[in-house]
Amino acid sequence: MAKQKILVSALEHSANVHLGSVLKHLDSYELMGIFSKEYGSPLVDMQDRSIMGFSDAIKSLPFFLKLAKQMVELSESADKVLLIDSSGFNLPLAKKIKKRYPKKEIIYYILPQAWAWKKKRVFTLAKNVDNLLSILPFEKDIYPSYANIEYVGHPLLDQIREFKTFTPKELKNILFMPGSRRAEIIKLMPIFKEVAKKLNLNTTLAIPPHLKNSLEIYGDISKFNITYNSKEALQKADFAFICSGTATLEAALIGTPFVLSYIAKPLDYFIGTKLIKLNYIGLANIFFEKMGKEAMHKEFLQDEVRVENLVNEFKNFDYKGFLDNSKILRDYLKKGSAKKVANILEP
């Protein structure tokens with residue numbers, strides 16, 4: 001039996017993690033396109049590049065235009081096209097592929113957050129994508145009736161198998177997760193170091209595997225234990241200080257108490273507040289708002305990310321309430337998504 005050729009566009013580190021979960025359920029395949037080198041021979045592995053925010057994206061526009069052209073050319077020989085997250089690149093790519101090859105089956109996994117901004121994109125998605133695979137239970141409601149969209153579960157529940165059910169009597173192990181992008185890390189590390197110093201507990205720093213050879217961006221980390229396995233670290237931690245992103249939802253699902261901290265470039269933050277109309281940036285908080293509940297965790301943004309704010313939140317945290325809400329969150333998301341996505345990819 002010939003291997004099924006799948007054109008993949010997975011630009012983000014998290015997209016590649018979720019791709020790996022899907023591949024475990026596929027028997028025979030050949031990947032082409034944009035993905036991590038650990039899964040084969042990509043056209044490009046975006047984890048080798050550092051792009052953060054609107055300004056960096058604008059500077060990299062010629063690179064992305066050329067890359068999109070190469071992807072369209074590759075799609076001719078693909079049996080199916082799998083786009084994962086990254087709407088700024090993948091949505092225009094879907095339109096280009098569908099225009100050139102109308103019968104090519106396009107699958108979009110982890111959909112653009114049209115519920116947060118640019119709601120008109122749902123019509124573009126419905127027109128150009130054959131299978132819209134949602135990981136958010138409420139997402140289907142914002143799409144037109146003719147859209148082929150279904151909730152397939154959430155990918156983090158494929159990867160997280162153990163959940164906390166009680167808070168330790170003494171909080172000793174503190175985890176710091178300053179993000180996976182250089183700019184995020186450079187902004188947060190000085191503050192996180194001061195927090196670690198004031199708490200004077202057993203501190204661990206989570207470093208993404210793709211930054212293992214770039215430790216200089218963290219500065220002096222001699223006072224931290226170092227881990228490259230964030231999920232294992234979240235299981236062991238009694239409390240975590242986390243940059244915004246997937247890690248905050250991981251912590252919320254596991255049941256590891258945490259506070260979200262995020263500092264964007266001033267221009268990016270200004271543009272974001274004008275375009276995105278949300279009360280929260282943490283996914284767990286967004287889910288709880290959709291359920292009509294209060295926020296699950298505290299969020300500190302921009303100038304609010306101060307040592308005293310983070311230390312006070314640690315000292316005054318409602319641990320029992322957080323654990324109760326963690327179970328509510330898991331019940332809301334129900335299941336993992338990898339097997340369902342693999343079934344859709346099968347010939």
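In this predicted model, His 297 touches Phe 258, Leu 260, Gly 282, Ala 284 and Asn 285, leaving aside residues up to four places away in sequence. As for where this histidine sits, His 297 belongs to the loop that runs between α11 (283-290) and β12 (299-301).

Of the 5 residues in strand β7 (residues 173-177), 4 are buried, so the strand is mostly covered. Its partner is strand β8 (residues 202-206): β7 and β8 run in the parallel sense and are joined over 4 bridges. One of the residue pairs to look at here is Ile 174 with Thr 203, the latter being the bridge partner in β8.

Turning to the helices, α4 (residues 87-100) and α5 (residues 121-128) have axes that come within 9 Å of each other and cross at roughly 40 degrees. That angle makes α4 oblique to α5. As for handedness, the α4 and α5 crossing is left-handed. On the α4 side, the residues involved are Ser 87, Leu 91, Ala 94, Lys 95 and Lys 98, and they meet Arg 121, Thr 124, Leu 125 and Asn 128 of α5.

Key. Residues are numbered from 1 along each chain as its sequence is written. This is a predicted model: local features need pLDDT of at least 70, side-chain atom pairs count only at pLDDT 80 or more; totals for chains, interfaces and linings use all residues. Side-chain values use heavy atoms; hydrogens and water are left out. Axes are lines fitted to C-alpha atoms, for helices over the stretch in contact, and angles run from 0 to 180 degrees between N-to-C directions. Helices (H or I, at least four residues) and strands (E, at least two) are DSSP runs, numbered from the N terminus. Angles under 35 degrees count as roughly parallel, over 145 as roughly antiparallel, 65 to 115 as roughly perpendicular and the rest as oblique. A crossing is left-handed if the near helix is turned anticlockwise from the far one by less than a right angle, and right-handed if clockwise. Contact means heavy atoms within 4.5 Å. Buried means under 20% relative accessible area, exposed over 50%, partly exposed in between (1.4 Å probe, protein chains only). Two strands pair if DSSP finds at least two bridges between them.
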